Amino acid sequence: MKKAHFNPKSVTWLISLAVMIIISAGVIFGTQAIDSLANKKYNEPVEISFTVESTKPVDISAMNADEYNVISAQEAYDADGKLVAYIIENSTIGYNTSSPIKMTSIISADGTLVCGVDILDQKETEYLGVRIATDEFKGQFNGRYLPVVASTDTAKGSKIDVLANSTISSKAVIDGVNNAQAFVAANFESAKVNAE
């Protein structure tokens, strides 16, 4: 019977492998922790600290409204008469390219938060795309830092879960909200400071 021969190179190789696995795990988890800290504000919605008591229409005729598909804009004020938000009505193209989705987005006066979304008119696919008008979908936007992005997107921003089998319609609403914010940032002094 032959004796087993001990090979010190085998132990060295195993130790090297273990060290590489530990270092790789550290890099992966460290990167995730750094990314999580950097994007912390996008992870959870924040509470909206104001109530809109009155609105005032804004003349957008001299603004670049067409560039953002903006139909109308209003300034929103709280009970003390302080400007707290802008209500932007715009359109966006979903799955039904022949009939744009008309929607409103309430963007905080500083341009950093989406405070609410409503779908005014849409002719998306029955039982699928029409779900963009549900409170469950629209509610995801409340109190989210801008920009908003689809949950499947790797870009920086607040993640919005797209509706199953309605990705195009869901992303159209996300684009509409981001266009409303971009319009606010481009045209209103209170939001220009925070424009990225």
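Two strands are taken as paired if DSSP finds at least two bridges between them. On this basis, in the predicted model, 6 strands form an open sheet with antiparallel pairing, in the order S1-S2-S3-S4-S5-S6. Strand S1 (54-58) and strand S6 (144-145) stand at the edges; each has a single partner strand, so one side of each is left without a neighbour in the sheet. Helix H4 (residues 167-187) packs on the sheet and touches strand S2 (70-77), strand S3 (83-92), S4 and S5. The direction of H4 makes about 45° with that of S4.

Strand S4 is flanked by S3 and S5 in the strand order. S3 and S4 run antiparallel and are joined by 8 bridges, with Asn 90 having Met 103 in S4 as its bridge partner. On the other pairing, strand S4 (residues 101-108) and strand S5 (residues 113-121) are linked in the antiparallel sense over 6 bridges. Met 103 stands opposite Ile 119 in S5, and Lys 102 has Asp 121 in S5 as its bridge partner. S4 and S5 form a hairpin with 4 residues between them. Within the turn, Gly 111 has a positive phi of about 75°. S4 is mostly covered, since 6 of its 8 residues are buried. In a regular strand, side chains alternate between the two faces of the sheet.

Nonpolar side chains tend to be buried together in soluble globular proteins. In the present model, the largest nonpolar core holds 31 residues, of which Phe 141 and Phe 183 touch the most other members. At least two residues of this core are supplied by each of S2, S3, S4, S5, S7 and H4. The largest share, 7 residues, comes from H4. Leaving aside residues up to four places away in sequence, Phe 141 touches Val 114, Val 117, Val 148, Ile 160, Val 173, Ile 174 and Val 177.

A pair of aromatic rings is described by the distance of the centres and the angle of the planes. With ring centres required to lie within 6.5 Å, the count comes to 4 aromatic pairs. Tyr 68 and Phe 183 form an edge-to-face pair, at 6.0 Å centre to centre and with 65° between the planes. This pair links distant parts of the chain, 115 residues apart: Tyr 68 is in the loop between S1 and S2, and Phe 183 is in helix H4. Both Tyr 68 and Phe 183 are buried. The rings of Phe 183 and Phe 188 also have their centres 6.0 Å apart, and their planes stand at 80°, so this pair is edge-to-face. Phe 183 has a relative accessible area of 0% and is therefore buried; Phe 188 counts as buried at 6% relative accessibility. Ring pairs link Tyr 68, Tyr 86, Phe 183 and Phe 188 into a cluster.

Asn 178 lies in helix H4 and has a relative accessible area of 18%; the cut-off for burial is under 20%, so Asn 178 is buried. Leaving aside residues up to four places away in sequence, Asn 178 touches Leu 146, Pro 147 and Val 148. The side chain of Asn 178 reaches the backbone oxygen of Val 148 at 2.8 Å. Asn 178 and Ile 107 are 71 residues apart in sequence, with a C-alpha to C-alpha distance of 9.7 Å. The peptide bond from Leu 146 to Pro 147 is cis, with omega near 5°, and Pro 147 is placed in the loop between S6 and strand S7 (148-150). Lys 138, in helix H3 (residues 135-138), is likewise buried, with a relative accessible area of 12%. Its contacts, not counting residues up to four places away in sequence, are with Val 117, Asp 118, Ile 119, Ile 132 and Ala 133.

Positive phi values occur in two asparagine residues. Asn 69, in the loop between S1 and S2, has phi near 60° and counts as partly exposed at 38% relative accessibility. Asn 165 is found in the loop between strand S8 (158-160) and H4. The phi of Asn 165 is about 65°, and at 66% relative accessibility the residue counts as exposed.

Key:
Residues numbered from 1 in each chain as written. Predicted model: local features only at pLDDT ≥ 70, side-chain atom pairs only at ≥ 80, totals over all residues. Heavy atoms only, no water. Contact = heavy atoms within 4.5 Å. Axes fitted to C-alpha atoms, helices over the stretch in contact; angles between N-to-C directions. Buried < 20%, exposed > 50% of the residue type's maximum accessible area, 1.4 Å probe, protein only. Polar contact = N/O pair within 3.5 Å; in protein donor to acceptor, adjacent residues only side chain to side chain. Core = buried A, V, L, I, M, F, W, Y, C linked by side-chain atoms within 4.5 Å. Phe/Tyr/Trp six-rings, centres within 6.5 Å; stacked < 30°, edge-to-face > 60°.
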